[in-house]
Structure formats: C-alpha cells, structure tokens
Amino acid sequence: YTITRTWRAQDLCGNSTTASQVITLHDTQAPVFTNPPANVTIACGGILPTLPAVTAADNCDNAVPVTYLGETTTGLDCPYTVTRTWTVSDDCGNATTHTQTITVLGSNYEDGAESRAAVNRQPSTVHRLSVYPNPTTDHIRIDLSYFAGEAVTVSIFGELGQLVWENRIPAVEDINLQVSLREAGATAGMHTVSVYSASGVVTKRIVLVE
C-alpha cells in the first residue's frame, strides 16, 4: 500500500504551492506457521494423530487464516506414509506451505540401516518382561535378564502408536535398561514397551503420570 504526505506553502498575497511525498510499502515476507505439526512415526495398526488446529502469523497482516489442503497416502498396507499439507498467504500474495509426514511402520520395518526382517512378530511364550516403577513420573527400568545372550530391539510407543524411544542391543547381558521418558519426549498417558527378539515380541503397558 502507499502513504501520501502533502504540504502547502502560501504567501501573504495568496500565492501557494504544494509538495507531496509518496511512501510505498512492499511486503515481501511470507507468513510463518506458529505451531507447525512435526513429522511422526507410529506402529502399524496405530491411530493416526488427530488433525491439529494450525495457526500462522505475519509481519504486516493481523490475520492470516491457514488452509488445510488435505492428505495423501502412499498405500493401504503397512508400511506406508500419510502426508498432510497446510498453506497460508498474506494480502500481498506471499505464501508458505508446511508438510507433515506420518510414517506408519511395517511389521518388519527398518531402523536406520538395520533391518528387523528376521524378527518374529508373534508374541513370545518364552520370555517375560518386567518394567518398573509402573506407574512412573519419568524414569523406568526394563529388566532384560530373560533375554541374556540375545540381540533385541527395545521400543516404546505412545498411546497413539507413535514411536517414542528405541534402542537396539546386539547381545543382552544381565542388565536393567534405564530410560527417561521425559527426555524422550513422552507425555503423560499410556505407553507400550516392546522387546523384539528372534523368538518373538514381548510387550508391557506402562503409565506415565504428571
């Protein structure tokens, strides 16, 4: 938009003249999302995160409504990804787009470069799993003594099935694994601790309280 400032000078005989200054303001800065949804990884069969209310702010416009463009899915069977997209623009046409990727793990998924293809996903009838304290306000201890000598992957999932914490142990000794749920980013609620070994998977429900 423009701002025009005008001055007038007049002498005692009524002769006058004017001068104007035009100030043009150009907005080249796009709006910024104030709470962009982060990428999420969840277990196969987990519940997708609810659609959040996304907001944005702009350096010139007082109100910049966000438009949800919808989601696309790469497939129906695990593993697959769900991509959600939001966009926002100001009155000068400067636009910003944000994309959230939700990764739904397969029954035999890869953690980085290490594959879990050899892990049997059937419940184990051999091992037991002890996790304490339960409920907890932060730290938990995972007793892996029943898996001594085995390679295991320990995973912790949130109540919506999202992966919160994971660690692969090549050969378990007689140890108790200590995990800080708060440092891992977990919030209060129900969580699942899963230990995957060659003989199957053992799970334990835990409650994180405030």
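Biologist: How do the residues of the lining of the second largest pocket divide into nonpolar, polar and charged?

Modeller: The model is predicted, and what follows should be read as a description of that model. The lining of the second largest pocket divides into six nonpolar residues, six polar residues and one charged residue. In total, 13 residues line this pocket. Those nearest its centre are Gln162, Val164, Gly185, Ala186 and Thr187. Strand β16, which covers residues 189–197, supplies three residues of the lining, the largest share. The space in the second largest pocket comes to about 200 Å³. As for how such a space is found in general, a probe the size of a water molecule is rolled over the atoms, and this shows where empty space is left.

The protein chain has 210 residues, and 35% of them are buried, meaning under 20% relative accessible area. Of the contacts in the chain with a separation of 6 or more, 53% are between residues 24 or more positions apart.

One of the sheets can be followed strand by strand. Three strands, in the order β11-β12-β15, form an open sheet with antiparallel pairing. Strands β11 and β15 (176–180) are at the edges and have a single partner strand each, so one side of each is left without a neighbour in the sheet. From one strand to the next, the twist averages 20°. Between β11 and β12, which run antiparallel, there are three bridges. Tyr132 takes part in this pairing, with Arg141 in β12 as its bridge partner.

A cis peptide bond joins Tyr132 to Pro133, with omega at about -10°. Pro133 lies in the loop between β11 (130–132) and β12 (139–143). A cis peptide bond also joins Asn134 and Pro135, and here omega is about 5°. Pro135, too, has its place in the loop between β11 and β12.

How values were computed: Residues numbered from 1 in each chain as written. Predicted model: local features only at pLDDT ≥ 70, side-chain atom pairs only at ≥ 80, totals over all residues. Heavy atoms only, no water. Helix = DSSP H or I, 4+ residues; strand = E, 2+ residues; numbered from the N terminus. 1 Å grid on protein atoms, 1.4 Å probe; cavity = no way out; pocket = protein on both sides within 12 Å on 5 of 7 lines; lining within 4 Å. Points joined across faces, edges and corners; volume = space filled by probe spheres on them. Nonpolar A, V, L, I, M, F, W, Y, C, P; charged D, E, K, R; others polar. Pairing = 2+ DSSP bridges. Axes fitted to C-alpha atoms, helices over the stretch in contact; angles between N-to-C directions. Buried < 20%, exposed > 50% of the residue type's maximum accessible area, 1.4 Å probe, protein only. Contact = heavy atoms within 4.5 Å.
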